[in-house]
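Visitor: Please take me on a close look at one part of this model. I would like to see how its pieces pack, and then what lies elsewhere in the chain.

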Amino acid sequence: MEASNRAEDFIPAGLASFGIEADEIELAVIGAAHAMFWPAILELLDLDAGDAVPEPRADLSLPPAAPR
Amino acid sequence: VSALDLSLRGQAAGISAGEIEPEELLEAALARIEERNPAINAVVATFPERSREMLEAAPEGPLQGVPVVIKDEWPLPWRAQRFGAAEMLAPTAPGESGPYRALRDAGAVIVGVGNMHELGSGSTGNVSVYGPAGNPWDPERCPGGSSSGPAAAVAARLVAGAVGADGIGSIRFPAAYCGLTGLKPTFARAAMEGHHMAKVSTTIVSGPLCADAADARLLGSVLCGEEMAATEPRGLRIGVVRDRVSEDVAPSVRAACEEAIGALAAETGGEVVEIELADLGPAALATVLIANVEGLGGVTPSRLNSLDPELSPLGRGLLKYRMLLPAAATVKAAVVRTLMRRRVAAAFDEVDLIAWPTVPAVAPPLQAPLVELPSGTLTADQANVRGAGLANLTGIPAISVPVGLSEGLPIGLQLQAAWGRDELLLDAAEALERANGRRWVDSLPPLAAETTEA
């Protein structure tokens, strides 16, 4: 099945499942944000990150302890 | 020339030497805010009696008696932050934030609160509960966000230094748009106590916005609680990447940044090195995802259903959209963070700095914040996040320095360094100022130049 970025499917269903109300203008904003972010989100999900996993309790003020 | 037109360090030195009366400097700053601020809406609150009390109680310190502005992101003992918004999802109250304490203990006088992009969620500064801030170079243009007011205040020479915060470029964007030097310190290096996200954010850090690197060093040292010592940089290896962050850029911006990178290498007897740094696009998105979900812990659907109608439709919509972000993507964002931290660490084995344009185009119009790039027209937010997120995602320090003008508007170059090498960024920025004869850091926007000359 092809991935869909169709806001008319995702947004009303998503908001309804959380019980979040949105007026027409908010829906337009959410639709625009979705159109902007969704293709990039799909690209992110598709990225091969090799053996990288989230660093447990990473100290972001320092370089990573894991091998480079 | 008014003492207000001196550098931050010049004001501090003049007061220390008894050559400048701090009481007069404070009153001059308040008067200048009244005079110039209506054109740019940079300062959204003043409190003369509180400022005078701060001055009266100011201890000896590196900024004794020097007026500064602080972003509307930090509580003060007499004023809760509003985060540029009609309401915040997090509770707020007046109090002593870390930056407030750092400024107070350094003897500085907070003369006003700086405007900011609503909820810190934009790179332009054109949306705020206080109304948009304007760019002193052209008040119809965006000053950058989210630290819009602090940057506009310094560029208009209302004050010589201001405190911002940077979660995804929010110091560097306005520094670039307003022709300033803006430092995003290494994560957790600068004061963050009292920020409503201090305990959950892994991207935000406070930092200075000033006219030049020496002033940013002075104010940055105060915020970091330690002297950021200057060293002469020699043989700098400056890394550049072949990526849209450096190539999908307005031609004038690209030319100015490439010239500055070359000049910095020449000034320090260094070299420009092409490096590999893949997946900057996913890294930028990962930063956005992480920054947007970190504040969701206390948010409920019912809370989102009772948002203040005075919050902008953009703000309301984006707050609700955050709830729809897939958990798998936020976990993947954490994986990408690891990946990019490894890659950045490896890159800094090869080079001292990584450089590319802070923003790909000069400040867009307030009314339509779009930018024209070789790839087409994008919103400024879409375009700007590409080059800014990496530093917040990985924790490394970054600085934006002015390197030119195009259409009468400033161009900013971003330099990034390894964790804890904030001082190197300031050293490099000063070397670049020497290389170009301080041409860009000493350039004044029309708003400041006209009234100063008058």
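**Two helices and beyond**

Guide: Start with two helices of chain B. Helix H13 covers residues 327–350, and helix H14 covers residues 380–394. They pack at an angle of about 95 degrees, and their axes are 9 Å apart. H13(B) and H14(B) are therefore roughly perpendicular to each other. Keep in mind that this is a predicted model.

Look at the residues that make this contact. From H13(B) come B:Val336, B:Arg337, B:Met340, B:Arg341 and B:Val344. From H14(B) come B:Leu390, B:Asn392, B:Leu393 and B:Thr394. Sorted by class, the contact has 5 nonpolar, 2 polar and 2 charged residues.

Now move to helix H12 of chain B, residues 313–322. B:Leu314 sits in this helix. Its relative accessibility is 39%, so B:Leu314 counts as partly exposed. Leaving aside residues up to four places away in sequence, B:Leu314 touches A:Val29 and B:Val127. Sequence distance and space distance tell two stories here. B:Leu314 and B:Glu118 are 196 residues apart in sequence, yet their C-alpha atoms are 9.3 Å apart in space.

Next come the aromatic rings. A pair of rings is described by the distance of the centres and the angle of the planes. Over all chains, the count comes to 4 aromatic pairs. One of them joins B:Phe47 and B:Trp78. Their centres are 5.1 Å apart, with 70 degrees between the planes, and the pair is edge-to-face. B:Phe47 lies in the loop between strand S1 and helix H3 of chain B, and B:Trp78 lies in the loop between strand S2 and helix H4, so the pair ties together parts that are 31 residues apart in sequence. B:Phe47 is buried, at 9% relative accessible area. B:Trp78 is buried as well, at 18%.

B:Trp78 also pairs with B:Tyr100. This pair is edge-to-face too: 6.0 Å centre to centre, 85 degrees between the planes. It links distant parts of the chain, for B:Trp78 is in the loop between S2 and H4, while B:Tyr100 is in helix H4, 22 residues apart. Both B:Trp78 and B:Tyr100 are buried.

What about cysteines? The structure holds 0 disulfides over all chains. Take B:Cys210. The cut-off for a disulfide is 2.5 Å. Both residues are out of the way of the surface by the accessibility figures: B:Cys210 is buried at 0%, and B:Cys224 is buried at 11%.

Finish with the backbone. Most residues other than glycine have a negative phi, and most peptide bonds are trans. Chain B has exceptions. The peptide bond from B:Gly145 to B:Ser146 is cis, with omega near 5 degrees. B:Ser146 is in the loop between strand S3 and helix H5. B:Asn41 has a positive phi, near 50 degrees. B:Asn41 lies in the loop between helix H2 and S1. B:Arg157 has a positive phi as well, near 60 degrees. The place of B:Arg157 is the loop between H5 and strand S4. B:Arg157 is buried, with a relative accessible area of 11%.

Key: Residues are numbered from 1 along each chain as its sequence is written. Chains are lettered from A and ligands numbered from 1 in the order in which they are written. This is a predicted model: local features need pLDDT of at least 70, side-chain atom pairs count only at pLDDT 80 or more; totals for chains, interfaces and linings use all residues. Side-chain values use heavy atoms; hydrogens and water are left out. Buried means under 20% relative accessible area, exposed over 50%, partly exposed in between (1.4 Å probe, protein chains only). Rings of Phe, Tyr and Trp (its six-membered ring) pair if their centres lie within 6.5 Å; planes under 30 degrees apart count as stacked, over 60 as edge-to-face and the rest as tilted. Helices (H or I, at least four residues) and strands (E, at least two) are DSSP runs, numbered from the N terminus. Axes are lines fitted to C-alpha atoms, for helices over the stretch in contact, and angles run from 0 to 180 degrees between N-to-C directions. Angles under 35 degrees count as roughly parallel, over 145 as roughly antiparallel, 65 to 115 as roughly perpendicular and the rest as oblique. Contact means heavy atoms within 4.5 Å. Ala, Val, Leu, Ile, Met, Phe, Trp, Tyr, Cys and Pro count as nonpolar, Asp, Glu, Lys and Arg as charged, and the others, Gly among them, as polar.
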